[in-house]
Amino acid sequence: MNIKKLNFPKDFWWGSAWSAEQAEGRGNTGKAETNWERWYSLEPSRFYKHISSEVTTDHFNRYKEDVSLMKQTGHNSFRVSISWARMFPEDGRGSVNPEAIDFYRSLFTEMNENGVKVFANLYHFDMPAALQDIGGWESREVIDAYVNFADTCFKEFGDLVFHWFTFNEPLGPILGSYMEDFHYPNIMDFKRGVQATFFTVLAHAKAIEAHSKYNLGSKIGVILNLSPTFPRSNQPEDVKAAHIADLFYTRSFLDAMVKGEFNKELIEILKEYDQMPIDVTDADLKVIKDNTAQILGLNYYEPRRVKARMTAISNNAMFSPEWFFEHHVMPGRRMNEYRGWEIYERGIYDLCVDIRDNYGNIESFISENGMGVANEERFMDEKGQVIDDYRIEYIQDHLAYVWLAIQDGCNINGYHLWTFIDCWSWINSYKNRYGLVSLNLETKERTIKKSGEFYFKASQEHGFEYDVDLLVK
């Protein structure tokens with residue numbers, strides 16, 4: 001063993017993240033129906049134990065208590081999202097809601113007064129349902145509505161927000177809506193998904209353009225869910241399969257939003273299979289080129305492992321990236337059995353190095369990383385505290401590789417855990433718990449877990465002791 005103190009920079013961002021739809025509850029300001037509320041009204045059986053986003057963590061009514069808990073768990077920064085449906089309660093357009101402005105200004109002021117920097121995200125999967133009805137991200141009208149929403153937020157909250165983000169995991173709604181059936185409106189049409197992808201990138205660029213008008217001190221960027229892609233072997237067929245998977249799942253949004261250009265190899269594949277977007281103009285491409293992310297959030301949970309396809313594709317199958325590869329289950333891999341995800345800590349280092357070497361070492365931070373565990377009540381002590389040593393180990397192991405990435409020149413300035421308090425997880429509701437703070441679903445009582453105490457100590461001491469012999473490059 002070689003135990004040493006892993007020292008992080010004094011201004012390192014220690015924090016966590018969640019979203020409006022997953023934490024706020026409806027509140028009393030007035031709020032448009034969201035796409036998630038629409039889907040729940042149509043198919044409640046798709047949601048674990050029929051739990052909707054009506055109340056969630058009730059952050060709307062408890063934000064002062066929650067900010068106090070942020071401080072008690074070592075936060076100097078926290079990522080929220082601003083609810084488009086709350087800000088524009090008619091249909092995502094129309095008049096802005098003054099009560100929503102009051103709520104967010106009060107929340108952000110409370111955070112700042114307690115030394116918690118506001119990282120504000122503008123879109124975390126929660127579109128007003130009325131805008132989905134007119135095409136969602138396939139519609140230029142929706143882009144205009146989004147840019148108006150973003151512009152309003154810059155104007156109303158620009159003095160309180162430390163950094164802005166246009167989207168969280170924009171790949172998620174594309175995969176869920178157009179390819180994998182886990183996101184309303186479950187269209188399942190790859191080519192339409194490509195058009196929605198293009199317009200999402202365009203919306204991102206136009207929001208950055210709007211931000212530039214206000215001469216704010218904040219930066220604006222995007223948060224992407226990224227996984228390093230590993231081939232099963234060094235055989236050319238496996239290496240090619242991994243490369244193509246990486247083009248679709250990593251380079252698609254990353255190249256467009258950070259470099260301002262779509263990946264040329266990916267474009268060639270889309271052209272070959274007649275999957276290019278139809279509605280694209282030269283003016284759109286110029287806006288995308290001229291307005292790129294100034295800061296990048298990296299969400300990392302698991303690696304992607306693939307191999308060359310071993311089975312044929314049906315002639316009647318919808319086009320999919322999986323025409324070019326199959327997923328590889330690596331023997332002996334460590335798993336989070338509750339979520340079904342591989343635990344591979346070094347992947348977070350590989351991801352940071354990729355950004356360093358291929359994206360100009362843009363200012364970045366780990367914007368999500370975390371471990372969901374079911375039935376955490378099993379681990380409560382007699383005082384009602386969750387003793388989650390497994391989460392502490394998970395955080396330490398990943399942060400150790402973040403530390404190593406920083407030593408190797410990666411411009412990584414923070415680590416945000418998913419999540420702060422156990423929150424509602426889309427169609428899985430409260431099946432798995434991720435928080436540093438546990439939530440009693442009946443009473444909404446919050447209790448800091450053992451991991452929350454660890455996080456406070458690490459933040460205050462700017463690091464922790466770790467066996468560096470465990471780190472492998």
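This is a predicted model: local features need pLDDT of at least 70, side-chain atom pairs count only at pLDDT 80 or more; totals for chains, interfaces and linings use all residues.
The largest pocket holds about 1300 Å³ of space. It is lined by 42 residues, and the closest to its centre are Phe182, Asn225, Glu302, Arg339 and Trp341. Three elements each supply at least two residues of this lining: helix 8 (171–178), strand 9 (304–307) and strand 12 (341–342). Helix 8 gives the largest share, three residues. By residue class, the lining of the largest pocket divides into 16 nonpolar, 15 polar and eleven charged residues.

In the second largest pocket there is about 560 Å³ of space. Its lining comprises 30 residues, of which Val194, Phe262, Leu266, Ile267 and Leu270 are the closest to the centre. Helical segments contribute here: helix 8, helix 9 (190–211), helix 10 (236–259), helix 11 (264–272) and helix 12 (282–290) each supply at least two lining residues. The lining of the second largest pocket divides into 21 nonpolar, five polar and four charged residues.

The nonpolar cores come next. In soluble globular proteins, nonpolar side chains tend to be buried together. In this model the largest nonpolar core has 142 residues, and Trp84, Phe108 and Tyr146 touch the most other members. Leaving aside residues up to four places away in sequence, Phe108 touches Val80, Ile82, Val118, Phe157, Leu160 and Val161.

Note on methods:
Residues are numbered from 1 along each chain as its sequence is written. Side-chain values use heavy atoms; hydrogens and water are left out. On a 1 Å grid over the protein atoms alone, a cavity is a set of points where a 1.4 Å probe fits but cannot get out, and a pocket is an open set with protein on both sides within 12 Å along at least five of seven lines; lining residues have an atom within 4 Å of a point. Grid points are joined across faces, edges and corners, and a volume is the space filled by probe spheres set on the points. Helices (H or I, at least four residues) and strands (E, at least two) are DSSP runs, numbered from the N terminus. Ala, Val, Leu, Ile, Met, Phe, Trp, Tyr, Cys and Pro count as nonpolar, Asp, Glu, Lys and Arg as charged, and the others, Gly among them, as polar. A nonpolar core is a set of buried Ala, Val, Leu, Ile, Met, Phe, Trp, Tyr and Cys residues joined through side-chain atoms within 4.5 Å. Buried means under 20% relative accessible area, exposed over 50%, partly exposed in between (1.4 Å probe, protein chains only). Contact means heavy atoms within 4.5 Å.
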